[in-house]
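My entries follow the structure.

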Amino acid sequence: MIRPRASVESLRSPWAYGLLLACLVWLALVFASALFAAAGWPHSDVLRWLFHPVCHQIPARSFHLLGEPLAACARCTGLYVGFTLGVAAWPQLPRLAAKLAKRPRWILVFMVPLLVDVMFESGAPMRFATGLVAAFPCALLPLLAIAEMTVARTPKGDDPG
Amino acid sequence: MMNNPKIKSALIGGGAFGVIAALPYINMLNVLCCALYIGGGVLAAYFYLKEQTSPLASPYGDGALVGVMAGVIGGIVTTFVSAALVALGLAPDWSDPATVLSELESLGVEIPGVAGEAMTQEHVEEAILGMELVINVVMFAIFATIGGLVGVAIFHKKDESAE
């Protein structure tokens, strides 16, 4: 068993930066479809189509950029932004990360506002906020997976971080 | 192959949620934060951890692997079960260019002339099915991986003596 502290110490690895880059690209795609549509690019719908299996994409429930809806709804945008912020922030918060890694079920508590919000009619800022709060702690989990793999592959005595 | 707990769990999680994600109307649950894709990963992680008799050395690494495998299986199952339901007349035919064009038009999406012509050419149904397969596998794999990690966070029993 890898102790949580040991995992948290190795959150800053090249793979973690790769994950952050992937999250930024994902987020860029969400915004790019609106930007391209506003610029009159004829194939901007292709970018929107990429997200159709995972989001309802209802324009009335989405943020708009330059008059065009983003490729994901406000809640999904909140989830993506929260996850990306989490991937960037958790390596800078080792004590908090260690506490959450020790009691990972706490991530479910952060999902409660989102589940409550789903049941009630709320505005886009609230949907964005609850999505952000739900996804931020989840971002620690892939970082822990990367840290475990990094530690497992590091010869004894070497510093994985 | 079925003796490998990772593959077995991925087949159960990905297979079950792959079928659910293909069912008309029920698949609308997926627009709720990708609940079905994430659920496939969570179920796969649950069955994987259930098979383990001792705490794992790298639970999150294993959870991610089981999740991504469940996602790939789920994406393939979803695509082909959807195609089978369409063939049986139990679901709208999204690989039929006429259905896609009319649906896009009803949503107010303007179809560029070139795209409209391309969609009415031969083999376009196979091309649409291929694109759906790729996007289903990629999306299912990404979100089922997160599901696998969440499943580990919920169900993994830690070795308290190691802390």
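I started with a salt bridge in this predicted model: the side chains of A:Arg75 and A:Asp117 meet at 3.0 Å, N to O. I counted a salt bridge where a side-chain nitrogen of Lys or Arg is within 4 Å of a carboxyl oxygen of Asp or Glu. A:Arg75 sits in helix α4 of chain A and A:Asp117 in helix α6 of chain A, so I noted a link between distant parts of the chain, 42 residues apart (helices are DSSP runs of H or I, at least four residues, numbered from the N terminus). Between chain B and chain A the count is zero.

For the record, residues are numbered from 1 along each chain as its sequence is written, and chains are lettered from A and ligands numbered from 1 in the order in which they are written. Local features need pLDDT of at least 70 and side-chain atom pairs pLDDT 80 or more, while totals for chains, interfaces and linings use all residues; side-chain values use heavy atoms, with hydrogens and water left out.

Next, the interface. I find 34 residues from chain B and 35 residues from chain A in contact (heavy atoms within 4.5 Å). The two chains bury about 2,800 Å² between them, 73% of it on carbon and sulfur atoms (accessible area, 1.4 Å probe, lost on being put together, summed over both). B:Cys33, B:Tyr60 and B:Lys158 supply 19% of the area that chain B buries against chain A, more than any other three residues.

Then I checked the second largest pocket. About 1,400 Å³ of space lies in it (probe spheres set on grid points joined across faces, edges and corners). Of its 44 lining residues, the closest to the centre are A:Phe83, B:Ile142, B:Phe143, B:Thr145 and B:Ile146. A pocket here is an open set of points on a 1 Å grid over the protein atoms alone, where a 1.4 Å probe fits, with protein on both sides within 12 Å along at least five of seven lines; lining residues have an atom within 4 Å of a point. α6(B) gives the most to this lining, with eight residues.

Last, confidence. Chain A averages a pLDDT of 87 (the predictor's confidence in each residue, from 0 to 100). Chain B averages 82. The model scores ipTM 0.85 and pTM 0.83.

Definitions and conventions: Helices (H or I, at least four residues) and strands (E, at least two) are DSSP runs, numbered from the N terminus.
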